[in-house]
Amino acid sequence: MRIVVLAGGIGGARFLRGLKAASPDSDITVIGNTGDDIHLFGLKVCPDLDTVMYTLGGGIHEEQGWGRADETFTVKEELAAYGVGPEWFGLGDRDFATHIVRTQMIAAGYPLSAVTEALCARWKPGVRLLPMTDDRVETHVLIDDPDAGAGGAAGRAGRKAVHFQEYWVRHRAAMPAHAVVPVGAEQAKPAPGVLDAIAEADVVLFPPSNPVVSIGTILAVPGVREAIAGAGVPVVGLSPVIGGAPVRGMADKVLAAVGVESTAAAVAQHYGSGLLDGWLVDTADADAVEAVEAAGIRCRAVPLLMTDEESTAAMAREALALAGEVQA
């Protein structure tokens, strides 16, 4: 079976580990979000691609879900001693090596897709990991400017756009997001292999990744949404919202920015029946099944907490089973 998965960071990576266990003989292609990419200390950092690569390659810091295991932070501490920031973004010494190699290869003329393939040659994640695009796309968030003062904060003049990483990591999404913009997406092209993988897939899966800044950003690249909608294969998603709250992170903040309620049914309706064929909600949201199916999307309620690899594999099996049901 040829499976295409659109993936963000921690949730997508952990789901992929379960999917590999559930369907070990499948050919899995991962289209990774690059809207979170950021340039720091002169280096190109790709948080979501690296989280997938490290998680599936056995190098991830399991407890936090991002960064390297057994990490040290000597370089970061030395940079801070020189007064060089930002201090709020934690790059470890082992992680720095990945970003140095990536930046050197890009400077030598290699596209991000080729660089990602080269990095994966070390980690052997067991999937084909493709960036959504080789072009530069950065997700920005419009927020009230904390430095504008009380007089200007209420109006547009008191707002500013910040990189998603600054909003998410530095500010911990503590303030409302007024808009989420994948800057550069409209001019971007899908990376080599992305459209071919979708065209050749037997099923497309949306893991419980952020529907706005992870999967939504991938779908913003011209041609990707259209390719998935027109592929003629089952498209099944898993809700990242359980009981009206995100399972992890602060997805409710960015959902509100695009006018979507933080509920399992609302996220399914946000994707729409023109894209989704099937949708899994948690058993806690069983009452959402009727509303999702009324929107033209087949829906089932199953346990959706990724507490360990087996529970995650069970989720993946349910997703593939629903894909088979939709196709039948």
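Which element supplies the largest share of the lining of the second largest pocket? Helix H9 does, with 3 residues. The model discussed here is predicted.

**Second largest pocket**

- The volume of the second largest pocket is about 210 Å³.
- This pocket is lined by 13 residues, and those closest to its centre are Pro 211, Val 212, Gly 216, Thr 217 and His 270.
- At least two lining residues come from each of strand E8 (179-183), helix H9 (215-219) and helix H12 (264-271).
- Sorted by class, the lining of the second largest pocket comprises 8 nonpolar, 4 polar and 1 charged residues.

**Largest pocket**

- Four helices each provide at least two lining residues of the largest pocket: H1 (10-22), H2 (47-57), H4 (93-107) and H7 (164-170).
- H2 accounts for the largest share of this lining, with 5 residues.
- In the lining of the largest pocket, 22 residues are nonpolar, 14 are polar and 7 are charged.

- The residues lining the largest cavity are Leu 49, Asp 50, Met 53, Arg 102, Thr 116 and Leu 119.
- H2 and H5 are the elements that contribute two or more residues to this lining.
- The greatest contribution to the lining of the largest cavity is that of H2, with 3 residues.
- The class composition of the cavity lining is 3 nonpolar, 1 polar and 2 charged residues.

**Contact of H2 with H4**

- Two packed helices are described by the angle between their axes and the distance between the axes.
- For H2 and H4, the axes come within 12 Å and cross at roughly 120 degrees.
- H2 and H4 are therefore oblique to each other, since an angle of 65 to 115 degrees would count as roughly perpendicular and one over 145 as roughly antiparallel.
- The crossing in which H2 passes H4 is right-handed.
- From H2, the contact involves Asp 50, Met 53 and Tyr 54, while H4 takes part through Asp 95, Thr 98, His 99 and Arg 102.
- By class, the residues of this contact are 2 nonpolar, 2 polar and 3 charged.
- Asp 50, Met 53 and Arg 102 belong to this contact and also line the largest cavity.

**Backbone features**

- Most residues other than glycine have a negative phi, and most peptide bonds are trans.
- The peptide bond from Gly 85 to Pro 86 is cis, and its omega is near 10 degrees.
- Pro 86 is located in the loop between helix H3 (74-81) and H4.
- Lys 124, although not a glycine, has a positive phi of about 50 degrees.
- The loop between helix H5 (112-123) and strand E5 (128-131) contains Lys 124.

Note on methods
Residues numbered from 1 in each chain as written. Predicted model: local features only at pLDDT ≥ 70, side-chain atom pairs only at ≥ 80, totals over all residues. Heavy atoms only, no water. Nonpolar A, V, L, I, M, F, W, Y, C, P; charged D, E, K, R; others polar. 1 Å grid on protein atoms, 1.4 Å probe; cavity = no way out; pocket = protein on both sides within 12 Å on 5 of 7 lines; lining within 4 Å. Points joined across faces, edges and corners; volume = space filled by probe spheres on them. Axes fitted to C-alpha atoms, helices over the stretch in contact; angles between N-to-C directions. Parallel < 35°, antiparallel > 145°, perpendicular 65-115°, else oblique. Left-handed = near helix turned anticlockwise from the far one by under 90°. Contact = heavy atoms within 4.5 Å.
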